Amino acid sequence: MSGPQCCANPPTLSPGSGSGHVEQLGGLKAYVVGSQDSKLAILLVSDVYGYEAPNLRKLADKVAAAGYYVVVPDYFKGDPYAPENAERPIGVWIKDHGADKGFEETKPIIQALKSKGISKIGAAGFCWAKVVVELAKCELIQAAVLLHPSFVTVDDIKGVKVPIAVLGAEIDQMSPPALLKQFEEVLAAKSEVDGFVKIFPKVSHGWTMRYKVEDEAAVKCAEEAHLDMIQWFVKFVK
């Protein structure tokens with residue numbers, strides 16, 4: 001999550017966006033949306049721009065419409081990456097917001113969801129997807145989706161113990177197609193774990209989140225990935 005692609009096309013953050021609301025959950029603020037009666041939850045792990053990104057909340061609302069209780073935590077605690085801050089480039093910012101920290105902070109969120117009666121949880125990560133990989137290694141979730149992941153290694157994929165889908169971009173320095181093909185080979189050899197890898201042509205890292213709503217082609221590519229993600233959860237978080 002430290003390359004220029006990670007930070008391209010920053011969103012205009014909007015605290016009031018989405019049809020859900022913000023509440024405290026497991027020690028963090030979180031955008032939540034969906035039926036309180038659902039026994040199935042989906043955790044969406046944001047990219048560097050955090051949980052107030054309108055496209056992310058729009059996707060959360062779409063996942064909720066499929067029957068899930070959706071949680072988008074504020075892992076960065078009001079401190080998303082700000083590209084205009086020249087004194088704090090991404091390499092400095094990331095030191096305060098490592099995925100290991102995000103993984104630990106997810107554990108109380110999962111406990112809080114279980115205390116609400118949630119029986120199964122899926123998780124999707126956008127760029128900052130290493131958090132989701134760690135959850136999948138420990139079987140703290142029932143299914144995982146990685147969208148244009150950063151810093152995820154072949155060894156990480158070897159350690160995954162739950163169904164995992166990887167949706168990658170053809171133009172991606174963080175997870176280039178050659179690496180995604182290695183992920184695919186590892187998953188093909190793991191008969192005990194359902195795996196799926198898809199490389200989207202002509203799109204760049206971050207395409208599922210940081211598209212311009214007026215760019216019809218970009219929206220179409222993003223929505224295809226969103227649908228793949230939701231279908232993965234429908235199949236394995238039920």
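Visitor: Which residues is Ser38 in contact with, leaving aside its neighbours within four places in sequence?

Guide: In this predicted model, Ser38 is in contact with Gly67, Tyr68, Tyr69 and Ile118. Contact here requires heavy atoms within 4.5 Å.

Visitor: Where does Ser38 lie, and why is Ser38 called buried?

Guide: Ser38 lies in the loop between β2 (28-33) and β3 (40-45). Its relative accessibility is 11%. Buried means under 20%, so Ser38 counts as buried.

Visitor: What makes the pair Ser38 and Leu40 a polar contact?

Guide: A polar atom of the Ser38 side chain lies 3.0 Å from the backbone oxygen of Leu40. The cut-off for such a pair is within 3.5 Å. As for Val70, 32 residues apart from Ser38 along the chain, the two C-alpha atoms are separated by 9.8 Å.

Visitor: How do you know that Arg210 is buried?

Guide: Arg210 has a relative accessible area of 7%. The limit for buried is under 20%, and therefore Arg210 is buried. Its place is in the loop between β8 (195-204) and α8 (216-236).

Visitor: What is in contact with Arg210, leaving aside its neighbours within four places in sequence?

Guide: Arg210 is in contact with Gln5, Cys6, Cys7, Ala8, Asn9, Pro10, Pro11, Asp47 and Tyr49. With Ala8 there is also a polar pair: the backbone oxygen of Ala8 lies 2.6 Å from a polar atom of the Arg210 side chain.

Visitor: Where is Phe76 found, and why is Phe76 called buried?

Guide: Phe76 is found in the loop between β4 (69-73) and α3 (90-96). Its relative accessible area is 2%; buried means under 20%, so Phe76 is buried.

Visitor: Which residues does Phe76 touch, not counting those up to four places away in sequence?

Guide: Phe76 touches Ser46, Asp47, Val48, Tyr49, Gly50, Trp93, His97 and Trp128. Asp47 and Tyr49 are also among the contacts of Arg210. Gln173 is 97 residues apart from Phe76 along the chain, and their C-alpha atoms are separated by 24 Å.

Visitor: What makes helix α5 mostly covered?

Guide: Helix α5 spans residues 130-137, and six of its eight residues are buried. Those six are Val131, Val132, Val133, Glu134, Leu135 and Ala136.

Visitor: Which elements do the buried residues of α5 pack against?

Guide: They pack against β3, α4 (99-115), β5 (120-126), β6 (143-147) and α6 (154-159). Just after α5, Glu139 takes a positive phi of about 60°.

Visitor: How do you know that the radius of gyration agrees with a compact globule?

Guide: A compact globule with 238 residues would have a radius of gyration near 18 Å. The protein has 16 Å, which agrees. Its C-alpha trace spans about 45 × 40 × 35 Å along the principal axes.

Visitor: How many helices and strands does the protein have, and what percentage of its residues count as buried?

Guide: There are eight helices and eight strands. Of the 238 residues, 53% count as buried. Among contacts between residues at least 6 apart in sequence, 70% join residues at least 24 apart.

Visitor: What percentage of the accessible surface belongs to carbon and sulfur atoms?

Guide: The accessible surface comes to about 10,200 Å², and 54% of that belongs to carbon and sulfur atoms. The protein has 26 positive and 29 negative charges, whose mean positions are 4 Å apart.

Notes
Residues numbered from 1 in each chain as written. Predicted model: local features only at pLDDT ≥ 70, side-chain atom pairs only at ≥ 80, totals over all residues. Heavy atoms only, no water. Helix = DSSP H or I, 4+ residues; strand = E, 2+ residues; numbered from the N terminus. Buried < 20%, exposed > 50% of the residue type's maximum accessible area, 1.4 Å probe, protein only. Polar contact = N/O pair within 3.5 Å; in protein donor to acceptor, adjacent residues only side chain to side chain. Rg over C-alpha atoms; globule rule 2.2 N^0.38 Å. Areas by Shrake-Rupley, 256 points an atom, 1.4 Å probe, with all protein chains shown as cover. Lys, Arg positive; Asp, Glu negative; His and termini not counted. Charge placed at Lys NZ, Arg CZ, Asp CG, Glu CD.
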